[in-house]
Structure formats: C-alpha cells, structure tokens
Amino acid sequence: MAKKNERIVETRLGRMTLPEDRVLTFPRGLIGFMGQREFTLIQVRDDSPFLVLQSLSDPSLGLLVADPYSFMTEYEVVIGEADRKLLGIETREQAVILVTVTIPQGMPERTTLNLSGPIVLNNEARIGLQIPQTDSRYPTHYTPGMALTKKG
C-alpha cells in the first residue's frame, strides 16, 4: 500500500512505489503522446546512461532517454522565452536535457539519438517540455560518434 505522498504505478519494468516528488508534469504532453501529461524517470541500471521516461497513466508507454552529453559535446538546444517561462527556468544551467534513444533489437551498434526533439526538464519544479529544434545539424537519427554537419 502506498504511503501518503506516494503512488503505486505500473511500468514497463514492473510495479513500483513512486514518491510524488518524482512525478514530472508535461503541460503539452510529448510529440505523438499529447494526452500523456505525467511521467517519471526510471534508471535502467546503475551503470547505464539510459533512463526510461515512463508514463504514469499508460504502463506500456516508456521512452528510452539519455543525456546527449554522455555521447557528444557539441549540442546546443534553443529554448525560447515562452518555453523558459513555462519551465520556470532563467538560465540554461537550470535545465536538464534528455533525448529519446532508439536501440534496434539485437543491434546495439545501430543505436540512434533523436537530437531534433530534445526533452527539457526543470528538475526542481518537476516540469518538462519537448522542444523541437529547427537546426538542421541535429537529425532525428544521430548515431553516436557520427560527425555533425557544420552550419553553413
């Protein structure tokens, strides 16, 4: 039974008890999942750079995400003024950046990161937004180690 300020949630990784302070609210949902507004981050393994962004209302919806800076150094996410206000952040340092990850079954060498649709979190306020990027250097299927196209 969940204690006060806790929830019992079903996830792709099984049932878990979740403290309310681990709930992330996405006021606009995510691209393709606009109706999903509450998520949490679940560490896959202690030694893994991957997390699962798990929907709290749909146990089958868990997106594999990672910190893109674990795989690359040059990645600039543009966060507009309206999005900064909604997130409640004043500086880039207050934001946590995550990208969705695709690992084809049985082919980990074909792992890709979606750099065109980063997820930006204000961990303190527990608010998240997916903020599409228009910079053509950042593809939807970036293979770690691949060179980024220079701005022309």
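Two strands count as paired if DSSP finds at least two bridges between them. Keep that in mind for the strands here. The model is predicted.

Start with β5 and β6. In β6, the bridge partner of F50 is A66. Strand β5, residues 50-55, and strand β6, residues 62-66, run antiparallel, with five bridges. A hairpin of six residues connects β5 to β6.

Now the other neighbour. Strand β4 covers residues 38-43, and its pairing with β5 is also antiparallel, over five bridges. Here F39 sits opposite S55 of β5. Again a hairpin makes the link, and six residues take the chain from β4 to β5.

How many residues of β5 are buried? Six of six, so the strand is mostly covered, with buried meaning under 20% relative accessible area. F50, V52 and Q54 point one way. L51, L53 and S55 point the other way. Both sets are buried.

Next, the largest pocket. Its space is about 180 Å³. Of its 14 lining residues, L63, T100, V101, T102 and N114 are the closest to the centre. Which strand gives the most to the lining? That is β7, with three residues. β6, β7 (96-102) and β8 (112-113) each supply at least two. By class, the lining has seven nonpolar residues, seven polar and no charged ones.

On to salt bridges. The whole structure has six. Take R7 and E20: their side chains meet at 2.9 Å, N to O. R7 is in strand β1, residues 6-11, while E20 is in the loop between β2 (14-19) and β3 (24-25), and the two are 13 residues apart. R7 is partly exposed at 23% relative accessible area. E20 is partly exposed too, at 33%. R7 and E20 also belong to a salt-bridge network with E38.

Is D83 buried or exposed? Buried, at 14% relative accessible area. R28 is partly exposed, at 38%.

D47 is exposed at 61%, and R45 is exposed at 52%.

R126 has a phi near 65°, a positive value in a residue other than glycine. Where is R126? In the loop between β9 (119-122) and β10 (127-130).

Methods: Residues are numbered from 1 along each chain as its sequence is written. This is a predicted model: local features need pLDDT of at least 70, side-chain atom pairs count only at pLDDT 80 or more; totals for chains, interfaces and linings use all residues. Side-chain values use heavy atoms; hydrogens and water are left out. Buried means under 20% relative accessible area, exposed over 50%, partly exposed in between (1.4 Å probe, protein chains only). Helices (H or I, at least four residues) and strands (E, at least two) are DSSP runs, numbered from the N terminus. On a 1 Å grid over the protein atoms alone, a cavity is a set of points where a 1.4 Å probe fits but cannot get out, and a pocket is an open set with protein on both sides within 12 Å along at least five of seven lines; lining residues have an atom within 4 Å of a point. Grid points are joined across faces, edges and corners, and a volume is the space filled by probe spheres set on the points. Ala, Val, Leu, Ile, Met, Phe, Trp, Tyr, Cys and Pro count as nonpolar, Asp, Glu, Lys and Arg as charged, and the others, Gly among them, as polar. A salt bridge is a side-chain nitrogen of Lys or Arg within 4 Å of a carboxyl oxygen of Asp or Glu.
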